Amino acid sequence: MALDDIYKEVILDHYKNPRNKRPLERATVSCTRNNPLCGDEITVLANVEDGTLREVAFQGAGCSISQASASMMTEAVAGRPVEEALDLAAAFRGMMAGEVEPTEERFGDLVALKGVVRYPIRIKCAVLAWDVLQESLAGDGEATATSIH
Ligand code: ZN
């Protein structure tokens, strides 16, 4: 099985069985954004306590890349300090720009998305969940829902 096929399996698995796709009653921050180019919409909900992302969930709809990326993102940042989550967001953007060589140690399942670099129109799909995460964390602890159309 080619490496690309393995990555495709990982993406499809997250798409069909999304992790942490649920409401989050204890959310202290949330944000909704969409990607009009593709019709993807993602809401990120997080419970932030003492500077740590205790719980992270998402809701939304869209293409497999956007939804799989959101699912992977929740797994990658849950339990981490906010600063580490933002560092990972920056590193993920770097990977999508072809500037950061992803390692499984750091990126886990997110490595599966590196093939998206070859499809510039899909990069927005892959980065959407991270944009929403950053935006919600920039809300400084207030639960706000902003939608950019
Ligand atoms: Zn998309």
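Trainee: How far is the sulfur of Cys-31 from the closest cysteine sulfur?
Mentor: This is a predicted model. In it, the closest cysteine sulfur to that of Cys-31 belongs to Cys-125, 17 Å away, which is too far for a bond.

Trainee: And how many disulfides turn up in the whole structure?
Mentor: The search finds 0 disulfides.

Trainee: Is Cys-31 buried or exposed?
Mentor: Buried, as its relative accessible area is 1%.

Trainee: What about accessibility, is Cys-38 buried or partly exposed?
Mentor: Cys-38 counts as partly exposed, because its relative accessibility is 34%. Cys-125 counts as buried at 1%. Cys-63 is buried too, with a relative accessible area of 14%; the cut-off for buried is under 20%.

Trainee: Let's move to the sheet. What is the strand order?
Mentor: The order is E1-E2-E3, in an open sheet of 3 strands with antiparallel pairing.

Trainee: Which strands stand at the edges?
Mentor: Strand E1 (29-35) and strand E3 (52-61). Each has a single partner strand, so one side of each is left without a neighbour in the sheet. From one strand to the next, the twist averages 15°.

Trainee: How many bridges join E2 to E3?
Mentor: There are 9 bridges between strand E2, residues 40-49, and E3. Glu-41 has Ala-61 in E3 as its bridge partner, and Val-48 is paired with Leu-53 of E3.

Trainee: What sits between E2 and E3?
Mentor: E2 and E3 form a hairpin, with 2 residues between them. Asp-50 is in the turn and has a positive phi of about 50°.

Trainee: Which strands does helix H2 touch?
Mentor: Helix H2, residues 64-77, packs on the sheet and touches E2 and E3. The direction of H2 makes about 170° with that of E3. H5 also packs on the sheet, where it touches E1, E2 and E3, and its direction makes about 150° with that of E1.

Trainee: Last topic, aromatics. How many aromatic pairs does the structure hold?
Mentor: The structure holds 1 aromatic pair. The ring centres of Phe-92 and Trp-130 are 5.0 Å apart and the planes are at 20°, so the pair is stacked; the cut-off for stacked is under 30 degrees.

Trainee: Where in the chain are Phe-92 and Trp-130?
Mentor: Phe-92 is in helix H3 (residues 82-96) and Trp-130 is in helix H5 (residues 120-138). The pair links distant parts of the chain, 38 residues apart. Phe-92 and Trp-130 are both buried.

Definitions and conventions: Residues are numbered from 1 along each chain as its sequence is written. This is a predicted model: local features need pLDDT of at least 70, side-chain atom pairs count only at pLDDT 80 or more; totals for chains, interfaces and linings use all residues. Side-chain values use heavy atoms; hydrogens and water are left out. Rings of Phe, Tyr and Trp (its six-membered ring) pair if their centres lie within 6.5 Å; planes under 30 degrees apart count as stacked, over 60 as edge-to-face and the rest as tilted. Helices (H or I, at least four residues) and strands (E, at least two) are DSSP runs, numbered from the N terminus. Buried means under 20% relative accessible area, exposed over 50%, partly exposed in between (1.4 Å probe, protein chains only). Two strands pair if DSSP finds at least two bridges between them. Axes are lines fitted to C-alpha atoms, for helices over the stretch in contact, and angles run from 0 to 180 degrees between N-to-C directions. Contact means heavy atoms within 4.5 Å. A disulfide is a pair of cysteine sulfur atoms within 2.5 Å.
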